[in-house]
Amino acid sequence: MSTPAPNQLNTFLKQCRERCDQQMENRLAALTAMPPRLVEAMRYSTLLGGKRIRPCLAYAAANALGAPMSAADDAACAVEMMHCYSLIHDDLPAMDNDDLRRGKPTLHKAYDEATAILAGDALQSLAIQILSEHKGNDPVTVVSMINILSASSGCYGMIAGQALDMGAVGRQLTQSELETMHRLKTGALICASVELGALSAGCRAPQIMEALQVYARNIGLAFQVHDDVLDVVAETGTLGKKQGADIALNKPTYVSLLGLDGAREKATALIQAAKDALSPIPGDTTMLSSIADYVTQRAY
């Protein structure tokens with residue numbers, strides 16, 4: 001496994017982002033029966049920018065297994081719409097009450113709370129619909145993909161983690177409790193992104209899927225650890241959201257638990273474990289390995 005030049009990784013990430021954005025734009029343009037203002041709100045939240053790390057992972061997993069990028073279009077689009085829905089609801093006054101997202105007013109600030117709730121609901125159901133209409137795989141694989149996305153974003157993943165997060169405000173968690181919360185809230189959907197990309201490529205080999213799951217679980221947690229670091233060291237203008245938001249909300253973080261240096265060391269160890277997990281995969285895992293490095297090198 002070679003290490004690509006930085007411009008090679010940047011080119012790949014740019015291709016993934018542009019491809020995913022076009023897929024989402026096409027899906028939103030087809031919603032002609034929806035009230036235009038609601039579709040505009042959905043477009044505002046999905047096409048506002050962002051790292052698109054989840055679609056990039058879906059494309060990279062498919063690529064590593066020899067499939068063209070087009071094979072993972074539905075997976076990439078669905079997982080990013082699910083992620084965008086979660087951000088809309090996460091920003092609401094009843095949750096984190098954030099004013100900024102990706103450097104612009106959050107959806108409930110730009111529109112109103114009711115529109116934000118409905119836009120999030122619509123993106124959630126549209127994500128599942130996209131996978132249900134996927135034509136590139138057999139019906140058994142399509143059902144597996146739907147199951148993975150719904151579980152990782154719901155009761156066995158993101159929603160469960162969000163509930164733990166809300167209940168942890170003002171409390172001191174153990175490292176094990178914090179890890180459980182973030183593996184559910186952030187890591188589950190990241191893991192799903194990799195699995196969906198692999199299934200889009202037609203992979204069902206247990207050894208390969210297990211290796212990809214270990215890889216994804218490690219970068220999913222590393223992503224959150226690095227987010228905790230950025231919340232302390234990055235500027236609001238770079239983050240695209242208010243710096244120090246977690247501290248202001250009295251939320252437990254890896255920095256508050258391990259200290260800044262300890263959190264950085266934790267993230268580095270997780271990334272190495274993720275890269276080590278790729279060794280059983282017979283394809284070219286260069287991009288998956290490079291994305292792992294990018295997770296803890298990003299500035300926002």
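Colleague: Before we start, what should I know about the model and its numbering?

Modeller: It's a predicted model, where local features need pLDDT of at least 70 and side-chain atom pairs count only at pLDDT 80 or more, while totals for chains, interfaces and linings use all residues. Residues are numbered from 1 along each chain as its sequence is written, and side-chain values use heavy atoms, with hydrogens and water left out.

Colleague: Okay, how many salt bridges does a search of the whole structure find?

Modeller: The general idea is a side-chain nitrogen of Lys or Arg within 4 Å of a carboxyl oxygen of Asp or Glu. Searching the whole structure that way gives 16 salt bridges. Take Glu25 and Arg43, whose closest N and O atoms are 3.1 Å apart. Glu25 sits in helix H1 (residues 6-29) and Arg43 in helix H2 (residues 36-46), so this pair ties together parts that are 18 residues apart in sequence. Helices here are DSSP runs of H or I with at least four residues, strands are runs of E with at least two, and both are numbered from the N terminus.

Colleague: Is Glu25 buried, partly exposed or exposed?

Modeller: Buried means under 20% relative accessible area, exposed means over 50%, and partly exposed is in between, using a 1.4 Å probe and protein chains only. Glu25 comes out partly exposed at 25%, and Arg43 is partly exposed at 26%.

Colleague: Which residue forms a salt bridge with Arg37?

Modeller: That's Asp112, with the closest N and O atoms 3.1 Å apart. This pair links distant parts of the chain: Arg37 is in helix H2, and Asp112 is in the loop between helix H5 (107-110) and helix H6 (113-132), 75 residues apart. Arg37 is partly exposed at 41%, and Asp112 is partly exposed at 27%.

Colleague: And what about Asp99 and Lys109?

Modeller: They form a salt bridge too, with 3.7 Å between the closest N and O atoms. Asp99 lies in the loop between helix H4 (73-90) and strand E1 (100-101) and Lys109 in helix H5, so the pair ties together parts ten residues apart in sequence. Asp99 is partly exposed at 45%, as is Lys109 at 48%. There's also a network: salt bridges that share partners join Asp21, Arg52, Glu80 and Arg102.

Colleague: Now the helices. At what angle do H7 and H9 pack?

Modeller: Two packed helices are described by the angle between their axes and the distance between the axes. Axes are lines fitted to C-alpha atoms, for helices over the stretch in contact, and angles run from 0 to 180 degrees between N-to-C directions. Helix H7 (residues 139-153) and helix H9 (residues 175-200) pack at about 170°, with axes 9 Å apart. They are therefore roughly antiparallel; that label needs an angle over 145 degrees, with under 35 roughly parallel, 65 to 115 roughly perpendicular and the rest oblique.

Colleague: Which residues in H7 meet which in H9?

Modeller: With contact meaning heavy atoms within 4.5 Å, the H7 side includes Met145, Ile148 and Leu149, and the H9 side includes Leu189, Leu196 and Leu199.

Colleague: Last one: where is Arg52 placed, and is it buried or exposed?

Modeller: Arg52 is in the loop between H2 and helix H3 (53-64), and counts as buried at 3%. Its phi is positive, about 60°, although Arg52 is not a glycine. Asn97, in the loop between H4 and E1, also isn't a glycine and has a positive phi near 55°. Asn97 is partly exposed at 43%.
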